[in-house]
Amino acid sequence: MHALTFRAVLFAFTADLIPLYAIYALLFADHGLNAAQISSLFAIWSATAFILEIPSGAWADTVSRRGLLVLSGALLAAGFAVWTLYPSYLGFAAGFVLWGTSGALRSGTFEALIYDDLHARAATVEYPRLMGYVRAATEAAALAGILAAAPLYAWGGYALVAWSSVAIAAVHTLTAVLLPSAPKSISAATVEDLEDVDDDDPDPAVESRLSRAPAASEPVGYLAMLRAGLREALHVRLIRRGVILVALLNGITAFDEYFSLLADHAGAGPSLAAVLVGVTVAGSLAGAMLVGRTERTSARGMASALTVAGVLFIAGALLAGSAAAHPTSLYVLTAVGFSAVGIAYGIDYNADVIASARLQDAITGPARATVTSVSGFLTEVIALLVFAFAAVATTWLPLPFVVAALGIPLLLAAALTPTWLPLQSHTRSLAAEHD
């Protein structure tokens, strides 16, 4: 178990140890792009993942998941290299297409690989805690990368930040080779079993067969796996609601793409902006680290926390933005404002990890990566809505008001959580009893 945790954490850590994350929006702005153009780049990024998300999930259920993760890392490195070599709107767009493809290949694939490996070990009860470590590693890496951006920029400008990011993405590609190759091939009969699951009142006997279906030597075709995953994600009420809630909690974090622009609007330079963005990442890191303590949180408790998060996010964005009109209070206003945003980010992140783990437990069909990718697909839909809203709203409203408005979906998530959060699954409950 320790070896699996180490490999999973190493893979996640190197994926986000990217200095460019802190200042790439500023890179675009320094090459003449305005807020609307930058938002359109973000939309291209999400649209690419949007188109490829579900097809790549079904692909991950029929071919080597580890192989897809290696390819994902290579595309990530290529995307940053294109940005560095061709710093123009078209070059940035091409880089985002590569990055979006990389993200689509990784989304759902990694979670399914880890969960199925734990299932093979009869240790799925460890999944929430392990994924908490993985998410914490992701945020710790992002924080380290963001904080590294400041000295790297001071020493070598955007070029050094960019090429360092390319090198780290290449190392990430190598770490994918260390991941396990969990069994995932199942029989055609298992796929057909899913057709017997009624939308709102599934047959417990069929669900039981699906949940303990062993790996088989007979692979299932791509289209059959795609249909099985889509049916479970869209027609089984418990799964459908969990998929939507996870997508909402994850998709609204697209607001983090505007944190550096908010800092810039407030009057912070690239170095201070990197530190302020790092504060928000520290919040998400704390949220991930606390999953082990909060994984049994009730739905109503989570809803209350998300309500607090929404209020803090809106107030923090407005407070940080007000520094533009009060330059003598720049450090105080941005520090307090970004701290509030960081706490809100951490609450949302914690809720996302818990909801994602409960969704994995609730999945009983054979196409785990496909079902997870449906949630990823909806995540991209929500992210596209965020970017579209920001692109339009910034032409009419000051940036701080636009960013503050992006906190409203946290309040929507709080309203949905009490009835849409999957309960702790019977799988984990039985595992706990067995232990």
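1. A charge is taken to sit over a ring if NZ of Lys or CZ of Arg is within 6 Å of the ring centre and within 35 degrees of the ring normal. The charged end of Arg106 sits in this way over the ring of Phe110, 6.0 Å from its centre, and Arg135 lies over the face of Tyr349, at 5.4 Å from the ring centre.

2. On provenance, this is a predicted model, in which local features need pLDDT of at least 70 and side-chain atom pairs count only at pLDDT 80 or more, whereas totals for chains, interfaces and linings use all residues. Residues are numbered from 1 along each chain as its sequence is written, and side-chain values use heavy atoms, with hydrogens and water left out.

3. Helix 3 (residues 35-60) has 26 residues and reaches 36 Å from its first C-alpha to its last, close to the 38 Å expected at 1.5 Å a residue; helices are DSSP runs of H or I with at least four residues, numbered from the N terminus, and the expected span is 1.5 Å times one less than the number of residues. A kink of about 45° lies at Glu53, shortly before Pro55, the bend being the angle between axes fitted to the seven residues ending there and the seven starting there.

4. Six salt bridges are counted, each being a side-chain nitrogen of Lys or Arg within 4 Å of a carboxyl oxygen of Asp or Glu. Arg65 pairs with Asp61 at 2.6 Å, N to O, and with Asp116, where the closest N and O atoms are 2.8 Å apart. Arg65 lies in helix 4 (residues 65-85) and Asp116 in helix 6 (residues 109-120), so this second pair ties together parts that are 51 residues apart in sequence.

5. Arg368 also meets Asp116 in a salt bridge (3.3 Å, N to O), and this pair links helix 17 (residues 368-393) to helix 6 across 252 residues. Salt bridges that share partners join Asp61, Arg65, Asp116 and Arg368 into one network. Asp61 is buried at 3% relative accessible area, as is Arg65 at 4%, where buried means under 20% (1.4 Å probe, protein chains only).

6. The whole structure holds 32 aromatic pairs, that is, rings of Phe, Tyr and Trp (its six-membered ring) with centres within 6.5 Å, where planes under 30 degrees apart count as stacked, over 60 as edge-to-face and the rest as tilted. Phe255 and Phe313 have ring centres 4.4 Å apart and planes at 35°, so the pair is tilted.

Notes:
Helices (H or I, at least four residues) and strands (E, at least two) are DSSP runs, numbered from the N terminus. Buried means under 20% relative accessible area, exposed over 50%, partly exposed in between (1.4 Å probe, protein chains only).
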